[in-house]
Amino acid sequence: FQQGLETKKTFSGMIWGYQLLIQEQDEVEVVSPPNHDYFGKYFKVEDGRYDSRHPGIKQRYMLVKLTRSQIAHGESFQ
């Protein structure tokens, strides 16, 4: 039997919204666009930085460093 290796991939992303309250170790889900490769997948937030504009501006965004763990090699038993 070959065991699967768990790999950790790092991504960067941009999240926007008026009242963002995202902290480290939170999980986020890709919900748009529906044809995205990772649509419906969850990521863990490792680091996040807000833009430098005033907090009251509704077009605020946040740059985040995301990680995702997945099994690199695995066998599916039927």
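**Strand pairing and local backbone features**

Good morning. I begin with Leu5, which lies in the segment before strand 1; helices (H or I, at least four residues) and strands (E, at least two) are DSSP runs, numbered from the N terminus. At 54% relative accessibility, Leu5 counts as exposed, where exposed means over 50% relative accessible area, buried under 20%, and partly exposed in between (1.4 Å probe, protein chains only). Leu5 and Gln70 stand 65 residues apart in sequence, yet their C-alpha atoms are 8.3 Å apart in space.

This is a predicted model, in which local features need pLDDT of at least 70 and side-chain atom pairs count only at pLDDT 80 or more, while totals for chains, interfaces and linings use all residues. Residues are numbered from 1 along each chain as its sequence is written, and side-chain values use heavy atoms, with hydrogens and water left out.

I turn to the pairing of strands, which requires that DSSP find at least two bridges between them. Strand 1 (residues 6-16) and strand 4 (residues 61-71) run antiparallel and are joined by eleven bridges. Within this pair, Trp16 has Tyr61 as its bridge partner in strand 4. Strand 4 also runs antiparallel to strand 3 (residues 42-50), with six bridges between them. Here Tyr50 is partnered by Met62 of strand 4.

Finally, the loops. Which residue has a positive phi although it is not a glycine? That residue is Gln25, with phi of about 75°, in the loop between strand 1 and strand 2. Gln25 counts as partly exposed because its relative accessibility is 47%. In the loop between strand 2 (27-29) and strand 3 we find Pro33, which a cis peptide bond joins to Ser32, with omega about -5°. Most residues other than glycine have a negative phi, and most peptide bonds are trans.
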